[in-house]
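Trainee: I've got a new model open and I'd like to learn how to read its domains and overall build. Can you walk me through them?

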Amino acid sequence: MNRLRAILRPNRPELRAALILGFLMVAAGTGAILWLQTFKIPEACFSGQQLGGGDLGDLCNPYQAAMQAYGEAMGTVGNPAAIATLVAPIVVAMVMGIALLAREIEAQTTNFAWSIAPARTTWLRDRLIPILLVVLVLGAAGGWLGDALMGLRQRGVDPWRNFEGLGLRGPAIAGAGLLVFGVAGVVGAVVGRQLPALLISGAVIGFGAYGAFSVSDTWVQGDAVVGTYDQIVLGDKILDTLIRTPEGEYISWDVAYGRYGSQLDNINYDGTDNGSGIRVATRYVPGDRYPAAVVRLSSLLGGGGLAAVALTFLVVHRRRPY
Amino acid sequence: MPGMIRTWGLTKRYRRRSALSDISLEIPDGGVTALVGPNGAGKSTLLKLCIGFERPTAGRLEVNGVDPVRRRDRAIASIGYVPQTASLYRDLSVLDHLRLAGAIRPGFDAAHARERLGPLGIPVTARVGELSGGEQAQVCLAIALGTRAPLLLLDEPLANLDPLARRDFLGVARVAADEGTTVVLSSHALSEIEDTCDRLLVLGEGRVLYDDTVAHSVATHRVIDTDGELDGVDVVARFPGRADQVHILTRTGSSTIGRAPSLEEVVLGYLAEARDQAAAARRGASPGEAAA
């Protein structure tokens, strides 16, 4: 323990800041969740289609004011807390990644450390692993809180069956934290200056995240099914609408207009047949595909981060300490 | 006994500039070797090659029998290093540095390092940023000594120190050498290290200009304080002295010629010889003509 404290002593300011920021994030997220749970509104009243209709109308009408207050609370507290659960782990990951090497090389303290430590990779490993654990724990906590807040934002929908906010909550936050930390670390090791490393890392992370989300999106589209609009439930990811021909073929609206012309003006948009045999269909990804999608996206982000960490070891092994 | 540092055809180039050109040398085990030469002579480069901070462009070297390019970890385990500018963590205390060194260096002797700092009055609880340049250099030296490495590389540590701090620093280095550590001390201010070193290695223009023990250097050279033609004397070079006087460094131990040189004069003579050779090479004349 004393050895660990001694090794991490140069990073104590950032670690303290990370713990404070982490505490604030957890406090904000937990506070928002607890407050939103104080609204005693029957779960059934959050189902939009049923609100105000039949028995539920009788049940929910007394809660109209409470529901409006709940919506306002979500806007003023819940959403900012959800943003905090996303931003805090990313900021911590960036600060820790830059401090890991860019600051050391800029201050030339690597001259001291690398002349004392027989193996630089051991020196890096001993510092990197505890810091990485902090980043991952903070990311996991932020992701968990983000999921919980999503569950309160769209009540009655399991956050793990809901494509809303894919990549902005859940384990993807830990993956994103790993990506940010890894890229900031390796760019810092190459550049050896804090501000340039920060700017370059920002750009690289932007491209990396864009790439990961694009690949993830492609995979998600591979899980799509086609059905009628009434089959879609909250949490499904709607991709586009299509036309189902009388022969059972699914075609795009452009093709359908070319083939059927004005016949499309009279079709039923709820997916029922108006007698022509032409129906509107919807291509969507069922919400139960969310766990696979979020695991794939998190793995992509985390895998990129791990690759960057591996590259950091290589750079540290090769580069000059100044 | 094998040399503590040995090089064979060692060359280091930075883009077009050559820092070291095909040098082969051996620094023996024990004592204080003064690595002297003007700025840009390659002194720091040689030390950085030893500790694995730089890689040779050509040739090879060994530190305590280990190639620092192939086995940097083992080479560093033999070295205590003090860089040109104290590269310590400004926000950390001296004690934090000792603990850090103990955590990352197997076998680090913190008590030994503290022993060195004690007589100098440097409080271990003080932040490094609050210490003077001399005190920071002393902390670096104490940590380097705490490694208990058999080789101590001191890369121009005196450059930013006041005279008193220099004396303290050199005193500690001398004690370390007396206790069996091989000390290599680079400097371009020879007059200050003259009393501390046992061996002289002069670098200039990226090559070894002179390499011998201090005692032998003084015994085998004489200085003539007049600028005239000298017959039958092996002249190294003419070099300017004080008050526009010209001195001539000669290779002879005969006490009938001139006077015994100071170590600084030996160095100045060989640096002047290198300068003359370079000038002659530019003019296309032979080095002998240039020296005459």
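Mentor: Start where the domains meet: in chain B, 11 residues of domain 1 are in contact with 8 residues of domain 2, contact being C-beta atoms, placed from the backbone, within 7 Å. This is a predicted model, in which local features need pLDDT of at least 70, side-chain atom pairs count only at pLDDT 80 or more, and totals for chains, interfaces and linings use all residues. Residues are numbered from 1 along each chain as its sequence is written, while chains are lettered from A and ligands numbered from 1 in the order in which they are written.

Trainee: Which elements give two or more residues to the domain 1 side that touches domain 2 in chain B?

Mentor: Elements are DSSP runs numbered from the N terminus: helices (H or I, at least four residues) and strands (E, at least two). Here they are helix H7 (190-193), strand E8 (199-204) and strand E9 (207-213) of chain B. E8(B) supplies the largest share, 3 residues.

Trainee: And where do the bounds of the domains in chain B lie?

Mentor: Bounds come from an automatic or database domain assignment. For chain B, that gives domain 1 (5-211) and domain 2 (220-291), with 31 Å between their centres, taken over C-alpha atoms.

Trainee: How many helices and strands does chain A have?

Mentor: Chain A has 10 helices and 4 strands. Its radius of gyration (over C-alpha atoms) is 25 Å, well over the 20 Å from the globule rule (2.2 Å times the number of residues to the power 0.38) for 322 residues, so chain A is more spread out than a compact globule. Its C-alpha trace spans about 85 × 50 × 30 Å along the principal axes.

Methods: Two residues are in contact if their C-beta atoms, placed from the backbone, lie within 7 Å.
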